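This briefing concerns strand pairing and helix packing. Please consult the sequence and the structure shown here alongside the text.

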Amino acid sequence: MKKLVLSSIIILVGISFLGRLSYLQLFRFSEDHLLEDPAVKVVYDYPERGYIYDRSGKLLVANQPAYDVMVIPREVQPLDTTEFCTLLGISRERFIGQMQKARIYSPRLPSVLVPQLSKEDYAGLQEKMRKYKGFYIEKRSLRDYKTNAGANVLGYISEVNEWDLKSNPYYELGELTGRTGIEKQYEEVLRGQKGVKYIQKDRFNRDIGPYKDGVKDLPSIRGTELHITLDKELQEYGELLMRGKRGGIVAIEPGSGEILTMISGPTYEPSLLVGRERSKNYSTLHNDSLSRPTWDRSILAEPSPGSPFKTLQALAALQEGVISPETPFTCYNGFYVGNRKRGCHCGGGTRTMNTGIYKSCNAYFAGAFRRFYDKFETSDKAMDVWEGHMKSFGLGNYLGYDLPTGRPGRIPGKDYYDRVYGDGRWSSTYIISNAIGQGEVAATPIQLANMTAAIANRGFYYTPHLIKKIGEETIDDPQYTERKYTTIDPEHFAPVVQGMADVYEKGTARWLQVPGVKIAGKTGTVENFTIIDGVRKQLTDHSVFVAFAPVDNPQIALAVYIENGYYGARYAGHIASLLIEKYLKGTISRKDLEKRMLEKTLEHEYAKPYSGEDFKINEYVW
Amino acid sequence: MDWITVLIFLLLVGMGWMNIYSSTYDEGNSSIFDLSQEYGKQLVFIAISLASIVLVLGLEASFYERFSSLLYLLTLLLLIGLFPFGKTIAGATSWYDLGFFNLQPSELAKTATALALAKYLSDIQTDIKRRKDQLYALLIIILPALLIIPQPDPGSALVFFALVFVLFREGLPLWYLGVALVAVLIFITTLMFGSAWVGIGLGLALIMVFLLKKPTAKIPFLPVAGLYVLAMAFSLSVNFVFENVFEQRHRDRFSLWLRLEKDPEKLEEIRKTIGYNTYQSEKAIESGGTLGKGFLEGTRTKGDFVPEQHTDYIFTTVGEEWGFVGTSTVVLLFTILLLRLVHLAERQKNPFSRMYGYGVVSILMVHYFINIGMVIGMLPTIGIPLPFFSYGGSGLIGFTLLLFILLRLDANRLKEWD
């Protein structure tokens, strides 16, 4: 027994050593340890980010060089910090803080000490940097914007954060990545592929040539340029018109689904989010919780669609055969829901579809909706059919365009009302407001524009998108090139389109005609409320307008939504009319109209709820 | 002559030198005989060791038994002499400056102590079962250790305690060892999980024993309860000592070893300070993979990222450049060598030879266990060399003497009865 004690200890030790060694060397070993190897230095070669062009090849986004001061903590020698900080133009505290952070990240991998110096700062630094061991300057390419518009579409790039580093092994500290918009959506295309060189270092940390003769090195691949569908001039012009107004505008080419312009007001110049002032500017923009310039209203705002939604009611009623274009409804300057009267501004009288649309008669659409509803035996069935028609226009769900953010809007179905009122405890009177685009329906401006495009196409749409060409390749993604058909047969569109054309000829937008262009449109005026000190208070109506032109060969379909702009033909109608003229003709003939839109702002409206005093809404003078 | 042992000895020394060469060469120097470089010097030490083997084998076997006490006293004197005459390297006064090389007497003391202990225990008057004789034997072991601790070189001092294995072999009750093991276990588990869990764990273990025992077996309740209380008292005092008596650097060492620190920032801090060596050596070994990066291709070795790589951390070079194949070969060679030596010791008819044999195995085993255990992160950092492998003249010569005296005794065993 005693003879065996020592022998068994020896064997036990041997086994546990072999176990531990196989854990270390067989199990935990992984091929990519090269990056962790302190004796191998990794040098990256960053390719230039791809340029972004507009639909006609005008340059929107190029690059400019910037210079990061990098540090490898392990290699830093004692230095005169005061002098060094003065040279870099940073405070001592910041220097110490950054060094601490860098050391914690990794003592031997480079970290950014001071990001994004300009060319001028760099020139002064370059010579003196040699004195400071462990610090060097890394050239990076930042964005250089050739337009002051489209910040919401283009997005911005910024340094990767810890979450990016964890979730995507491609990135190293200090690298840039697309954060929003096109920059994020097409990040991998735009950034290309960084090159990698491995360099063997000796015990004194000197480079002694390529590691293993460079067999593992990778060349860098340039970022690919993008051509997007925006029209630079239309975008810039639209943003000019939006100064001082809040809202969203989306214009689509109906024949292709290409987004011509996509505006959110207020916005900001894209160049604000570049360079050393980036984070300061970003906080300023991001913390502006009143006007919210970084919130893209063109795809995120979900107001009630208002009267433009009536066009779909007409189409659905025709499709279901419950009315014909000539079916008359009488307007008593309003209509009755049970015993309650709901108002109408159309002037009263007998309305057919044509007058119903161009005079925007509430009573007509309430009546048509009731007919539609009564066709079906149960409320549930009626709601299902109605919901199907509405959703076929791209409403009530994410559209699937190529931006990394969006909202679904809302087309309330039977489930929604069962939830709100209780199972089956609702009927047409509860939901009739939807017929005039008020009730529970909600749509983003891009959904309204897409709906308009579907009407312009008489029954189908292409999913709106921003990408046109990647490098030299025109896109052929079926998501963007295949037609999405609505549930309405083509022959039902003619009377609705005629009604919309008459909106310009005789109706609510007759003062907004564009000489020589036949436009179809629909105004909308959307009641809205806010809560001030716990009291629900009505604000000036939102101004909404949808239109497409020319009527017989639509080139542009657009939706304009202006917060608190009062009735539809006022702000939204004006802006829509100017954009259509600008896009189709290139110049503006109605200078007085243009002047009025450029000068007018709605800041006084937006200030009202915060004034602390009583205020009037929907003031007639403007 | 036991050729298996000689072969393994030569293999270990040869492999050791190759790795020392890889750890210390510079691309500028070409001659392996460059005496200004460690690998050149080590060649000289190897030559001296081989020469000393001739001397060891040339002497009568009975010489070692007869002169063991004298040798022991001589090395004690050498250790005492360090206090006035010693040379200080890296804070430790452990060397005599002999001009061409520094002699470290503690390395020779191991051999002498093993001889002296064997001599005392094999004496016809000695009975290891007697408390007084146990104390004498312990004194022989502790005396050199006490002289070495203040150099300071606690690692080397620790090695002498390995010689208690000889006592166990010769009749010291094994439960001493059992108690020590349990104490170590309680110490570790208390640090890792806290006293409460140790208490619960021990309690559960006792309940299991009661449930699983044969119905006929009787376990006296009171003594068991007393032992339980004793164990818990020990566990609680471990906590107290750890928190109040240990200094931060000691605590850090244990938290590193037992992976107690979970906060990534503090862990990073430990890795850069007290845990730097362990972390770097572990990483270097890990990076070797199955086959290693190849001789002279170890990038971390080349970059000198592991400190003391040619001495205490020589095994990391094996790990990085030769991979799992290399490290397991070394582990297997040591295992075979140690088992072979146990076998050699057991076949001695002469009690002195047997006890000395056990001393050799104990010393070599503790070196090998602590050194590799430390390098691969299983044990806390204790700086002692890997026998036959690490750079250093005194060490190599000392281990060679230790081993070949046993071989000389073994070669003589058949003549004993002539």
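The model is predicted: local features need pLDDT of at least 70, side-chain atom pairs count only at pLDDT 80 or more, and totals for chains, interfaces and linings use all residues. Residues are numbered from 1 along each chain as its sequence is written, while chains are lettered from A and ligands numbered from 1 in the order in which they are written. Helices (H or I, at least four residues) and strands (E, at least two) are DSSP runs, numbered from the N terminus.

**Strand pairing in chain B**

- Strands of chain B make up an open, antiparallel sheet of three, ordered E1-E2-E3; two strands pair if DSSP finds at least two bridges between them.
- E1 (87–89) and E3 (102–103) of chain B are the edge strands, each with a single partner strand, so one side of each has no neighbour in the sheet.
- E2(B), residues 92–97, is joined to E3(B) by two bridges in the antiparallel sense, and Asp97(B) has Asn102(B) in E3(B) as its bridge partner.

**Strand pairing in chain A**

- E1(A), residues 40–45, and E8(A), residues 195–201, run antiparallel and are joined by six bridges; Val42(A) lies opposite Tyr198(A) of E8(A).
- E8(A) also pairs with E9(A), residues 207–210, through two bridges in the antiparallel sense, with Lys201(A) partnered by Asp207(A) of E9(A).

**Helices H1 and H2 of chain B**

- The axes of H1(B), residues 3–24, and H2(B), residues 38–58, come within 8 Å and cross at roughly 160°; axes are lines fitted to C-alpha atoms, for helices over the stretch in contact, and angles run from 0 to 180 degrees between N-to-C directions.
- H1(B) and H2(B) are therefore roughly antiparallel (an angle over 145 degrees).
- Their crossing is right-handed, that is, the near helix is turned clockwise from the far one by less than a right angle.
- Val13(B), Trp17(B), Ile20(B), Tyr21(B) and Thr24(B) of H1(B) meet Glu38(B), Tyr39(B), Gln42(B), Leu43(B) and Ile46(B) of H2(B); contact requires C-beta atoms, placed from the backbone, within 7 Å.
- The residues of this contact comprise seven nonpolar, two polar and one charged (Ala, Val, Leu, Ile, Met, Phe, Trp, Tyr, Cys and Pro count as nonpolar, Asp, Glu, Lys and Arg as charged, and the others, Gly among them, as polar).

**Helices H9 and H10 of chain B**

- H9(B), residues 195–212, and H10(B), residues 221–245, have axes that come within 10 Å and cross at roughly 160°, which makes the two helices roughly antiparallel.
- H9(B) passes H10(B) in a right-handed crossing.
- Contributors to the contact include Leu202(B) and Leu206(B) of H9(B), and Tyr228(B) and Met232(B) of H10(B).
- The contact of H9(B) with H10(B) has eight nonpolar, four polar and no charged residues.

How values were computed:
Parallel < 35°, antiparallel > 145°, perpendicular 65-115°, else oblique. Contact = placed C-beta atoms within 7 Å.
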